[in-house]
Amino acid sequence: MADRKNENNAIAEPQKSIVDFAPLKKPKKNSYAIACAVLASMTSVLLGYDFGVISGAILYIKDDLKITDVEVEILVGILNLYCLIGSFAAGRTSDWIGRRYTIVVAQAIFFAGAILMGFATSYAFLMVGRFVAGIAVGYGLMIAPVYTAEVSPTSSRGFLTSFTEVFINGGILLGYVSNYAFSKLPTHLGWRMMLGAGAIPAIIIGLLALGMPESPRWLVMRGRLGDAKRVLDKISDSKEEAEIRLADIKRVAGISEDCTDNVVPVPKQSDGKYVWKDLILHPTPSVRHALIAAVGIHFFQQLSGIDSVVLYSPRIFEKAGITSTNDKLLATVAVGFSKTMFILVATFLLDKIGRRPLLLSSITGMILSLATLGIGLTIIEKSDQKLMWAVASCIAMVLAYVSFFSIGVGPVTWVYSSEILPLRLRAQGVSIAVAVSRLTSAVISMTFLSLGKWITTGGAFFLYTSFAIVSCFFFYFMLPETQDRTLEDMEGLFGNFGWKLSKLMKKKQNEEAAM
């Protein structure tokens, strides 16, 4: 009887086909979410264009307005200090009027700044234009990664959030091309056209932003659950994912997950009144670790000297032995092209191999490139004759440096900092990180020419090499991997500052115990 029972069970059991063992197909990338991320990230074109265009325009501004090297450093680097105002204001503004309209505000301010710079008749007038444009850039840099992270599906968040860096690089390339295109005009007209042309993308991006949906996380924070659900249905990979994301957001915002009303009262703690207290004064261990990680990755990104290379490429190539203005501008176009190409490669790797592998391999390549560039420039400065191999080496190392930066440190910084902070603290936390980024960039860019005089240009790059080495240690020990984690699930990763060291010690103890 037992044999017959087993036989019947065997007959009743359905036969599995090869289809049952086939791997599940990954959901296709949501085209609507991609479109939203692209439009939001285009805001960062403002910073890229300004950085790219000023590097060439300054050659003509110096001749036309008769300004000194110190005034050049201030004019070039001061925009980063003005960004501080914009980035801090953007955090509160985006919580007040929403992420989408904050993007529109950024475009309107930059349009005004570009017009002022284009019509500047003096150094002081030009500085006013830089002030207005700087506020706009601060707004754009803060809001673009926050909005993109909040509308992106978990499966492609790294890919989409990295668009911020893609468009920064695209803006830099556009600025370099603008320099070359307008360089044939009379000196007094050429640099004004270079700077004023930035008003055109500001108009286009501002109009396109009006058609974007609002961030579902911001909508939940305002109690607009019905609107948030409709947006999530559009930007998620599936209906199930949309429901899970909405439940997670409601839980973090302090709203009952069982609530199905379209509009609900917002709990007092989700209003933002105590945000700075919870973020700075009395943070939990996980929030403190996440904030240090977000601020630290921005700080070390700029400390390696990337903005000195972007802003002073013509000067660096001049020190390397290129004397023709036309050749220097063409070489800067090559820099912009290299940065853009490698950042495009990075966007497809972030969600496949993770943040940490890209970050650590990138900073290692940057260290080697900076050290070799410093050696090459030092040899050229000490030599009495033109050494073509050294010139070629310096050009190659500049291109290698910006390429290594764009494959990891550049895009990972924006992705990482925008995804690790809790929802209620995210806007203000990212604004702090962006402010630190711009402050560090200001110091680096406003001291490069002076450093060249004090310790030589080669010496400046040796200094940046030492900073990059310190950065490598920070990245290795302080930044856990966030790949495939939802935004609401990040808190469990942070809180243990020595997480990497503890992991290594535990591994060693296990090995000793096994012996």
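## Charges over rings

Let's start with arginine 356, which lies over the face of tyrosine 476, at 5.3 Å from the ring centre. Arginine 100 sits likewise over the face of tyrosine 101, at 4.6 Å from the ring centre. (A charge counts as over a ring if NZ of Lys or CZ of Arg is within 6 Å of the ring centre and within 35 degrees of the ring normal.)

Keep in mind that this is a predicted model: local features need pLDDT of at least 70, side-chain atom pairs count only at pLDDT 80 or more, and totals for chains, interfaces and linings use all residues. Residues are numbered from 1 along each chain as its sequence is written, and side-chain values use heavy atoms, with hydrogens and water left out.

## Rings meeting rings

Rings of Phe, Tyr and Trp (its six-membered ring) pair if their centres lie within 6.5 Å; planes under 30 degrees apart are stacked, over 60 edge-to-face, and the rest tilted. That rule gives 9 aromatic pairs. One of them is tyrosine 82 with phenylalanine 131, edge-to-face at 5.0 Å centre to centre and 85° between the planes. Tyrosine 82 is in helix H4 (residues 69–97) and phenylalanine 131 in helix H6 (residues 123–151), so the pair ties together parts 49 residues apart in sequence. (Helices are DSSP runs of H or I, at least four residues, numbered from the N terminus.)

Tyrosine 82 is buried, with a relative accessible area of 17%, while phenylalanine 131 is partly exposed, at 35%. (Buried means under 20% relative accessible area, exposed over 50%, partly exposed in between, using a 1.4 Å probe and protein chains only.)

Technical notes
Helix = DSSP H or I, 4+ residues; strand = E, 2+ residues; numbered from the N terminus.
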